[in-house]
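Subject: Structure for you to look through

Dear colleague,

I am passing on a structure that I have been reading through, and I would like you to have it open while you go over my notes. Please keep the sequence beside it, so that you can find each residue as it is named.

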Amino acid sequence: MQHASPSTIFQGATMQAATVDTRVSPSLHPDNVKQIEGYEESAALLNPTLDAFATAYAGIGAVYEARDKAKSNPTWNENQQIIHTSDLAEKYQTSICKTFDNVRANLQKQVDHFEQELSIPLVNQAGVGISSEIRKYAKELSTEERHAFIREAIDSGDRITVGAVLGAPAYLSGLDSNFSKTYSRMWNERSAPDIARKLKAVQAAKQMIEDRAALVFNQLEHAVGATSSKARELREAQKNAEKAFAFNGTSTR
């Protein structure tokens, strides 16, 4: 029986992404990727994730189709159907897992890139005199007032105040280094909202793969109609049985 190769199925996976196959878990449907906040704006970054889920979804469906075809072969009993369907499922599993691994690795690189951009230290753009006065003022405030002062400067886009406080050693303004990093990150996200949104989108896509890709194993077993261990046992039994039919060309008499 001839089956389409995984690569052939995958070439049309994205075009068929809107199709719902009730045999396959909805958690693997590629349209889930489109529900990620900021998808439209970050589609170019998220489309590889969408394609990965599309290939998984289509591949599992293809194994179900192969199993149905196997049942129509009068020369195969139930165990033979499992063996042949499992052979195909393993090919899909290898290809699907490789795709998810590659996409996840690229998403991690994107996360690291955007994190780095949003973690760039601030530069003090005010004059020396006024910067010192701003830091002195902040340091003399109570802890609660100091944090409110900095948050208000960030929210209002006060680059001079923010730069004076966060563009110098944290202790000069009465802050510790952790708060200084946190507020610097808040300022960078406010100053570059497009980068912040892209970071959030690729983080969500990476998390989606980490949470759902493992479903492929169980889904393929359902498509085969037997666990992978059962398929291995049947394959080994078939191999041992076939040894008795090996012709070595010598007489037993």
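This is a predicted model: local features need pLDDT of at least 70, side-chain atom pairs count only at pLDDT 80 or more; totals for chains, interfaces and linings use all residues.

The protein chain contains 10 helices and 0 strands, and when it is read along the sequence the pattern is α-α-α-α-α-α-α-α-α-α. Of its 253 residues, 39% count as buried, while the chain as a whole exposes about 14700 Å², with carbon and sulfur atoms supplying 51% of that area. If you take the contacts with a separation of 6 or more, residues 24 or more positions apart account for 79% of them.

In soluble globular proteins, nonpolar side chains tend to be buried together. Here the largest nonpolar core has 46 residues, and those with the most contacts inside it are Val 33, Leu 46 and Phe 100. Helices H2, H3, H8, H9 (215-224) and H10 (228-243) each supply at least two residues of this core.

**The charged pairs**

Side chains of opposite charge can pair when their charged atoms come close. The count for this model comes to 13 salt bridges, and I describe some of them here.

Glu 37 forms a salt bridge with Lys 200, and their closest N and O atoms are 3.0 Å apart. This pair links distant parts of the chain, since Glu 37 is in the loop between helix H1 (6-11) and helix H2 (43-71), whereas Lys 200 is in helix H8 (residues 193-212), 163 residues apart. Glu 37 counts as exposed because its relative accessibility is 56%, which is over the 50% cut-off, whereas Lys 200, at 47%, counts as partly exposed.

Which residue does Arg 104 pair with in a salt bridge? The partner is Glu 210, with the closest N and O atoms 2.8 Å apart. This pair, too, links distant parts of the chain, with Arg 104 in helix H3 (residues 78-118) and Glu 210 in helix H8, 106 residues apart. Arg 104 is partly exposed, with a relative accessible area of 32%, and Glu 210 is partly exposed as well, with a value of 33%.

The side chains of Lys 136 and Glu 140 also meet in a salt bridge, at 2.8 Å from N to O. These two residues are separated by about one helical turn, because they are 4 residues apart in helix H4 (residues 128-140). Lys 136 is partly exposed, with a relative accessible area of 45%, whereas Glu 140 is exposed, with 57%. Elsewhere, salt bridges that share partners join Asp 21, Arg 23, Glu 65 and Asp 68 into one network.

Is Gln 81 buried or exposed? Its relative accessibility is 16%, and therefore Gln 81 counts as buried, the cut-off for buried being under 20%. Gln 81 is found in helix H3, and a polar atom of its side chain lies 3.3 Å from the backbone oxygen of Trp 76. Leaving aside neighbours within four places in sequence, Gln 81 is in contact with Ala 70, Lys 71 and Trp 76.

Glu 152 has its place in helix H5 (residues 143-156), and at 56% relative accessibility Glu 152 counts as exposed. The C-alpha atoms of Glu 152 and Val 162, which are 10 residues apart along the chain, are separated by 9.6 Å.

Ala 153 is also in helix H5, but Ala 153 is buried, with a relative accessible area of 5%. Not counting residues up to four places away in sequence, Ala 153 touches Asp 158, Thr 161, Val 162 and Trp 187. From C-alpha to C-alpha, Ala 153 and Gly 163 are 9.8 Å apart in space, and they are 10 residues apart in sequence.

With kind regards

Definitions and conventions. Residues are numbered from 1 along each chain as its sequence is written. Side-chain values use heavy atoms; hydrogens and water are left out. A salt bridge is a side-chain nitrogen of Lys or Arg within 4 Å of a carboxyl oxygen of Asp or Glu. Buried means under 20% relative accessible area, exposed over 50%, partly exposed in between (1.4 Å probe, protein chains only). Contact means heavy atoms within 4.5 Å. Accessible areas come from the Shrake-Rupley method with a 1.4 Å probe; for residues, only the protein chains shown count as cover. A polar contact is a pair of N or O atoms within 3.5 Å; within protein, one must be able to donate a hydrogen and the other to accept it, and residues adjacent in sequence count only if both atoms are side-chain atoms. A nonpolar core is a set of buried Ala, Val, Leu, Ile, Met, Phe, Trp, Tyr and Cys residues joined through side-chain atoms within 4.5 Å.
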